[in-house]
Amino acid sequence: MSLNSTHFSPPAKTADTHCDKVQESRMSQDSPQNESECGPGRRASREWWLHVSLLCIPLLAVYLHIPPPQLSPALNTWRASGHFFTFRGNNIFYKESVGVVGSSDVLLLLHGFPTSSYDWYKIWDSLTQRFNRVIALDFLGFGFSDKPRPHRYSIFEQASVVEALISHLGLSEQRINLLSHDYGDTVALELLYRSDHNRNGHVTINSLCLSNGGIFPETHYPRFLQKVLKDSGFISPVLTRLVNYQLFSRGIRDVFGPYTQPTEAEFWDMWTGIRFNDGNLVMDSVLQYINQRMKHRERWVGALTSSSTPLHMIYGPLDPVNPHPQFIQLYQKLVQRSTVSVLDEHVSHYPQLEDPTGFINAYLSFINSF
């Protein structure tokens, strides 16, 4: 066969085969046209695999069940010392201690988001030395309580959970002192509204002490992760599965002061409480309370400003969620009947954990003043 005879080859089946022939042709002649055809083909192939990989990561997170961490000895002890009652078919965890003999004073503790009744463990013993009965619960969707899904969580329902607990304990005729934090502040304001309007089954409130809660939407700055989870619509179920300990600890670390950071074990206890009963999967639903605060601001802030119940605010001023001085100035302006305790300047959003001594002293000073 002569060198000028025509050589037949089958058509290329893939971009890579075509590119191999382009490479061979380069050995005999320079072909800009072949180079321009080869480059986009390879880039398109790489981009396709990149898209597939990015899609597979969240799909794996959705379908791969990661077991929750084991309860620490401290959490095991807390759970073992508690009880459960049933609310509308769901189990609600609560802990109760009998303290001072001869006193009839009852204290009910309302925790914040996203944690649980375990938030009060550092001041629990001090409170039992002042009150006859000290009670704390895990709200529905939190801690050791059930976390149904799908479920429309609301502040109104959580207030009804509290009323059911008080009835379960036979305290419906008892005047109750409320001590609340963060999310629990808004639940307390709904209970205050019901009490002042004599709603059926309401809790009769003897006093109310709030702490670092976003009760005013205009001075409340949710964390980035909270905003993403509450506003992501149909992709929220995917995002809740992507939240892991690293993301959680990074976010929660920012709401503690630099000198009052929890230990790694304490961070893990918080995360374990969230993961218990797959609580991470309901965070987007629970977080709708932020939107509820805005919608029902008049009801809840109105209850706070018009109530004759003794009121107090304990405030950690380094709080980035309810920043100083905007939050406390607005509180003092609107709630003039309330007394206020501003703790050390290094204390942030979790004052009962960051400065338990300062917190308990401020609270007992208030409760002993009337």
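The following questions and answers examine how terms are applied to this predicted model.

Q: Why is aspartate 182 called buried?
A: Its relative accessibility is 4%, and buried means under 20% relative accessible area. The value of 4% falls under that cut-off, so aspartate 182 counts as buried. This residue is placed in the loop between strand S5 (175-180) and helix H6 (183-196).

Q: Why is asparagine 198 called exposed?
A: The relative accessible area of asparagine 198 is 59%, and exposed means over 50%. Because 59% is over 50%, the residue is exposed. Asparagine 198 lies in the loop between H6 and strand S6 (204-211).

Q: What makes the phi of aspartate 182 worth a remark?
A: Most residues other than glycine have a negative phi. Aspartate 182 is a residue other than glycine, yet its phi is positive, near 55 degrees. Asparagine 198 is likewise not a glycine and has a positive phi of about 50 degrees.

Q: What makes the peptide bond between phenylalanine 113 and proline 114 a point of interest?
A: Most peptide bonds are trans. The bond that joins phenylalanine 113 and proline 114 is cis, with omega at about 5 degrees. Proline 114 sits in the loop between strand S3 (106-110) and helix H4 (124-128).

Q: What is the omega of the peptide bond from arginine 149 to proline 150?
A: Omega is near -5 degrees, and this peptide bond is cis. Proline 150 belongs to the loop between S4 and H5.

Q: How do you know that aspartate 138 has no salt bridge?
A: A salt bridge requires a side-chain nitrogen of Lys or Arg within 4 Å of a carboxyl oxygen of Asp or Glu. For aspartate 138, the nearest side chain of opposite charge is lysine 147, at 7.3 Å. That distance is not within 4 Å, so no salt bridge is assigned to aspartate 138.

Q: Which residues are in contact with aspartate 138, leaving aside its neighbours within four places in sequence?
A: They are Ile92, Phe93, His111, Ser116, Ser117, Gly143, Phe144 and Ser145.

Q: What makes a void in this structure a cavity and not a pocket?
A: In a cavity the 1.4 Å probe fits but cannot get out, whereas a pocket is an open set. By class, the lining of the largest cavity has seven nonpolar residues, five polar and one charged.

Q: How much space lies in the largest pocket, and which residues are closest to its centre?
A: The largest pocket holds about 510 Å³ of space. Of its 27 lining residues, Arg223, Leu225, Gln226, Gly251 and Ile252 are the closest to the centre. Helix H7 (224-230), helix H8 (236-242) and helix H9 (245-253) are the elements that give two or more residues to this lining. The lining of the largest pocket comprises 19 nonpolar, four polar and four charged residues.

Q: What share of the protein chain is buried?
A: Of its 370 residues, 50% are buried. The chain has 16 helices and eight strands.

Note on methods:
Residues are numbered from 1 along each chain as its sequence is written. This is a predicted model: local features need pLDDT of at least 70, side-chain atom pairs count only at pLDDT 80 or more; totals for chains, interfaces and linings use all residues. Side-chain values use heavy atoms; hydrogens and water are left out. Ala, Val, Leu, Ile, Met, Phe, Trp, Tyr, Cys and Pro count as nonpolar, Asp, Glu, Lys and Arg as charged, and the others, Gly among them, as polar. Buried means under 20% relative accessible area, exposed over 50%, partly exposed in between (1.4 Å probe, protein chains only). Lys and Arg count as positive and Asp and Glu as negative; His and the chain ends are not counted. Contact means heavy atoms within 4.5 Å. Helices (H or I, at least four residues) and strands (E, at least two) are DSSP runs, numbered from the N terminus. On a 1 Å grid over the protein atoms alone, a cavity is a set of points where a 1.4 Å probe fits but cannot get out, and a pocket is an open set with protein on both sides within 12 Å along at least five of seven lines; lining residues have an atom within 4 Å of a point. Grid points are joined across faces, edges and corners, and a volume is the space filled by probe spheres set on the points.
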